[in-house]
Amino acid sequence: MFPMLAEDELHDLAEDIKAHGLLEPIVRDPDGVLLDGRNRLAACERAGVEPRFTTYEGTDQAEYIWLSNVRRRHISAGQRAMIQAMVLSRSGHSLRTHAKLHDVSRSRLSLANTVLQSAPDLAEQVRNGKLSLDAAAGIARERKAKAAAVQAAFDHLRAHAPDLAARVTEGDLALDAATRELGQRQAAVRRDQEHLTAIAERWDTLRELAREPDSLHTHQVLDGLAPDHRALVTRLIAGETKPHAVEQAA
């Protein structure tokens, strides 16, 4: 139901009716229920003018109520488009047909319909004039983009860390925290890959040392290393020395 006019507007309407009479009758359904003209009826009472009534004979009272208010109220184009989109959602008419019948921009009606379908709470704010249609559409697009980003992040998590994705689904871990943990895991993998790549690229040096494990050069190289590094390289040289010894024996 549309709200009553503000006090000053209702006063002006009453004065106009007092001066010129009720120009448009108040509409009721066959049972006498008021469909359109709530403000005019109140203004008639203020003006002391006997109201005139007519009976609605159509089949869609809801659509009639909405559209009659659209025609008479001072509302923005965005509000008008949203109200008509709401009517459209009830009537089942096609957007193209509705736009032609009620002389409304098809693009604005389409935008209003998009907001109505994706963000009903914003649609109601547009209808009430609390939010412009363009602003509502912008917020709806931001929501959609954010939802898509969240879904993409979860899909990435599920593909690369199913255990973390399961914890997110169960509510044990927030998506942001899980994404950070996945990033740390992947960073550790890249770091180790870089280290091992560096080792692999210099493996020929180890092989050269393994060919002459007891040479002065080999001892000097090992003596210049930190103890834990020297112990590791010594084991690696020993591992490379065995295949070399087998080759020489053959």
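This is a predicted model: local features need pLDDT of at least 70, side-chain atom pairs count only at pLDDT 80 or more; totals for chains, interfaces and linings use all residues.

Tutor: Residues are numbered from 1 along each chain as its sequence is written, and side-chain values use heavy atoms, without hydrogens and water.

Student: Why is Gly 37 called buried?

Tutor: Buried means under 20% relative accessible area, exposed over 50%, partly exposed in between (1.4 Å probe, protein chains only). Gly 37 has 7% relative accessibility, so Gly 37 counts as buried. Gly 37 is in the loop between β2 and α2, with its C-alpha 6.4 Å from that of Val 27, ten residues away in sequence.

Student: What makes β1 and β2 a pair?

Tutor: Strands are DSSP runs of E, at least two residues, numbered from the N terminus; helices are runs of H or I, at least four. Two strands pair if DSSP finds at least two bridges between them. Two bridges join β1 (residues 26-28) to β2, so the two strands pair, and they run antiparallel. Val 27 stands opposite Asp 36 in β2.

Student: Which strands are the edge strands?

Tutor: The open sheet has the order β2-β1-β3, with mixed pairing. β2 (34-36) and β3 (53-55) each pair on one side only, and these are the edge strands.

Student: How are the residues lining the second largest pocket classed?

Tutor: Ala, Val, Leu, Ile, Met, Phe, Trp, Tyr, Cys and Pro count as nonpolar, Asp, Glu, Lys and Arg as charged, and the others, Gly among them, as polar. By that division the lining has ten nonpolar, two polar and one charged.
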